[in-house]
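Subject: Structure for your review

Dear colleague,

I would be glad if you could read the two together.

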Amino acid sequence: MSKILKGTMILTGATFLSKFLGMIYTVPFEQMVGPDGIELYFYAYTPYNILLSLSTLGVPMAVSKFVSKYNSLEDYQTGRDMFKSGMQLMAVTGVVAFLLLFFSAEQIATHSLSLNGDSAAKVADVTMVIKMVSFALLIIPCMSLIRGFFQGNESMAPTGISQVIEQIVRIIFLLVSVYVVLNVVEEDNISLAISFSTFAAFIGAVASLLVLGVFWKKRKPHLDKLVDQQEYTYDLSRKSMMKELLGYAGPFVLVGIATPLYQLIDQFTFMQAMDEAGFSEDVAGDSLSAIHVLSHKLVIIPVTLGIGLSLAMLPAITKSFTKEYMTQLNQQINQALQIIALLILPAVVGLSVLSYEAYGSFYGTYKVDYFGTLLRWYAPVGLFFALYTVTSSILQGINRQNFAVVSLGSGLLIKILTNSWFIVEFGAKGSIISTGLAVLVAVALNLWRIQRAIDFSYKQVYKRTLLIGIISSIMAAVVFVIKWSIGLLWNPMDSRMAAFFILVLGVGVGGIFYMWMAYKTTLLERILGGRVRFLDKFLRRSQRG
């Protein structure tokens, strides 16, 4: 098994579990706080995510690339020196970001609530939840840099395990605190409950940092041994190291900030555009929450593969590029893009077909015809987000990271120019169309730059993606028939139980059918680079040769 694939499995498994937990908890959370609470939650997390990306300056991923580069040159001391300097930098930027978000919370709240009907009390509520989430910025930058250092040493378990622990602790604190506030301390105080739910990010970060500390203590002797055994060091000055690191880091900021920036444009324009389109404030607020919190939680599940793959592939691609192993580099990029198509394309297609059932299962059947339609439109955007993350990591691995400024800037320009226009024309789904178009353009530009930079051929990617698309279409037809047949007897819109039953059956049958088709056509082994032994035992396809 290749290191990319192994690292991808570790990080994707951990990220998937983390995101899955993040999706599951929204069921009781939404039941407790309702649409108004979810809307407050969104207003807090969008500026927080942007400040989080700015506070890290892209340094954690840049450290991963930096350490991988110098490790491949057998200079381990330089990587350690960079780690120390990076921790000092992250401590400073974390404090600055905290102060900036905390003291600008009221201005952000005022600009987010653009309708005339918004009261001073609602502005105060949004201000409070933004202030509470800002405390996490004191810890997460340093925590993220430690993860980046481990990844640069091709050690993915610390990142994976700390992610899961962080999410579990955060969710437990969030749900318990919201329940206590609403049922023990002060009934119906939604703003106080949401404030504690956002403060949970700080509690989860503390837990993650403790886990990483345990890993550091355990693995430090091995890392020290590598330093002791090295024969040569480039002996870079602190100024030279920081210059090289920040040269890598800038575009990483853009990659990390991409999704929050698209959401921020909606945060500042969505409500006003919906008002111009003739929708009430309640409908506009519910739609905003349904797209960017509830539907996003479902759509982000397939995207986790892209996140895991980008984290795992960067050190390996950097190493191949540094040593000028161009054949190996092309194989790694080919495999990365094909894995994205293999796993995310059918997931997106399946979520589109089962959008009503998925939304109804997790969030109830209230207005599911409307909200399920929004999820159906939003699902394909998940594929574009995953491709953007992976292609940006490829660019960074081949030292073309500055092009991320061009691709993201082009996408944001399209989002800004089309968002309000599309919302007025198409309603809430106009925001989704605008985002999808913007991210698709950014992906296309990244793919073009990769091809130009290393003369990469997409022929194999195109051929196998076409086959994946055909298999996914057949799978979608099978799932639709199952959904339609059961719907004759049990309408999934009647109850959450009916929606859940059809969702589980559709996902189960569709997933098994897709895997069977991919296995029988040898697609799996061609993309993964070898026989899939555990499927051989069940499906017993004859050995060739």
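**Aromatic pairs and salt bridges**

Phe-422 and Phe-426 both belong to helix 15 (residues 403–426), where four residues, about one turn of the helix, separate them; helices here are DSSP runs of H or I with at least four residues, numbered from the N terminus. The model is predicted, so that local features need pLDDT of at least 70 and side-chain atom pairs count only at pLDDT 80 or more, while totals for chains, interfaces and linings use all residues. Residues are numbered from 1 along each chain as its sequence is written, and side-chain values use heavy atoms, with hydrogens and water left out.

Rings of Phe, Tyr and Trp (its six-membered ring) are paired if their centres lie within 6.5 Å, and planes under 30 degrees apart count as stacked, over 60 as edge-to-face and the rest as tilted. By this rule the count comes to 29 aromatic pairs. In one of them, Tyr-370 and Phe-371, the ring centres are 5.3 Å apart and the planes stand at 55 degrees, so the pair is tilted. The rings of Phe-422 and Phe-426 have centres 5.9 Å apart and planes at 70 degrees, which makes that pair edge-to-face. Phe-422 is buried, with a relative accessible area of 12%, whereas Phe-426 is partly exposed at 42% (buried means under 20% relative accessible area, exposed over 50%, partly exposed in between, with a 1.4 Å probe and protein chains only).

The search of the whole structure finds five salt bridges, each defined as a side-chain nitrogen of Lys or Arg within 4 Å of a carboxyl oxygen of Asp or Glu. Among them, Lys-415 and Asp-266 meet at 3.2 Å, N to O. Because Lys-415 lies in helix 15 and Asp-266 in helix 10 (residues 238–276), this pair ties together parts that are 149 residues apart in sequence. Lys-415 is buried at 0% relative accessibility, and Asp-266 is buried with a relative accessible area of 0%.

Another salt bridge joins the side chains of Glu-357 and Lys-483 (3.6 Å, N to O), and both residues are buried. The charged end of Lys-483 also sits over the ring of Tyr-356, 5.7 Å from its centre; the criterion is NZ of Lys or CZ of Arg within 6 Å of the ring centre and within 35 degrees of the ring normal.

Finally, Asp-224 and Lys-220 form a salt bridge of 2.9 Å, N to O, and Arg-80, Lys-220 and Asp-224 are linked in a network of salt bridges.

Methods:
Helix = DSSP H or I, 4+ residues; strand = E, 2+ residues; numbered from the N terminus.
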